[in-house]
Amino acid sequence: MMKPSIAITMGDPAGVGPELCMRALGNGAVLAKCVPLVFGDAGSMKRVTEFNRLRADYDVVSWKEWKKNPVVTGPA
């Protein structure tokens with residue numbers, strides 16, 4: 001059975017949203033239940049990840065790529 005895909009936006013790049021999103025992407029309990037999909041600025045997310053020494057093994061897809069193929073895939 002495939003896990004549901006859950007999309008969230010990172011919110012304000014200067015707020016807490018990017019950090020919360022990155023923490024969700026690195027949370028085993030979240031990953032066990034769904035395939036999280038974050039919409040936001042990849043540069044902001046990378047800076048937050050590096051600053052907080054968070055896990056960063058995720059795929060980055062441009063908006064142009066996403067519009068061509070908006071299918072979310074992930075581990076079952």
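Predicted model: local features only at pLDDT ≥ 70, side-chain atom pairs only at ≥ 80, totals over all residues.

Analyst: Happy to. Residues are numbered from 1 along each chain as its sequence is written, and side-chain values use heavy atoms, with hydrogens and water left out.

User: What makes Glu50 and Lys46 a salt bridge?

Analyst: The term asks for a side-chain nitrogen of Lys or Arg within 4 Å of a carboxyl oxygen of Asp or Glu. For Glu50 and Lys46 the N to O distance is 3.9 Å, so the pair meets the definition. Both residues sit in helix H3 (residues 42-51), four residues apart, or about one turn of the helix.

User: How many salt bridges are there, and which side chain does Glu19 meet in one?

Analyst: There are two salt bridges. Glu19 pairs with Arg23 at 2.8 Å, N to O. These two residues are four apart in helix H1 (residues 17-25), which separates them by about one helical turn. In general, side chains of opposite charge can pair when their charged atoms come close.

User: Is Arg23 buried, partly exposed or exposed?

Analyst: Buried is under 20% relative accessible area, exposed is over 50%, and partly exposed is in between (1.4 Å probe, protein chains only). Arg23 has 41%, so Arg23 is partly exposed. Glu19, at 26%, is partly exposed, and Lys46, at 48%, is partly exposed too.

User: Why is Thr49 called buried?

Analyst: Its relative accessible area is 4%, so Thr49 falls under the 20% limit. Thr49 belongs to helix H3, and its side chain reaches the backbone oxygen of Met45 at 2.7 Å. Contact means heavy atoms within 4.5 Å; not counting residues up to four places away in sequence, Thr49 touches Met22, Leu54, Arg55, Ala56 and Tyr58.

User: How do you know that the buried residues of H3 are on the same side?

Analyst: The buried residues are Ser44, Met45, Val48 and Thr49. They cover an arc of only 135° around the axis, which puts them on the same side of H3; the arc is that of the directions from the helix axis to the C-beta atoms. The face turned away from that side carries the exposed residues Arg47, Glu50 and Phe51. Among the parts covering the buried residues are H1 and strand E2 (35-39).

User: What makes a set of residues the largest nonpolar core here?

Analyst: A nonpolar core is a set of buried Ala, Val, Leu, Ile, Met, Phe, Trp, Tyr and Cys residues joined through side-chain atoms within 4.5 Å. The largest one has six residues: Met10, Cys21, Met22, Leu25, Met45 and Leu54. H1 gives the most to this core, with three residues.

User: Why is the pair of Phe39 and Trp63 called edge-to-face?

Analyst: Rings of Phe, Tyr and Trp (its six-membered ring) pair if their centres lie within 6.5 Å; planes under 30 degrees apart are stacked, over 60 edge-to-face, and the rest tilted. Phe39 and Trp63 are 6.4 Å apart, centre to centre, with 70° between the planes, so they pair as edge-to-face. Phe39 lies in strand E2 and Trp63 in helix H4 (residues 63-68), so the pair ties together parts 24 residues apart in sequence.

Notes
Polar contact = N/O pair within 3.5 Å; in protein donor to acceptor, adjacent residues only side chain to side chain.
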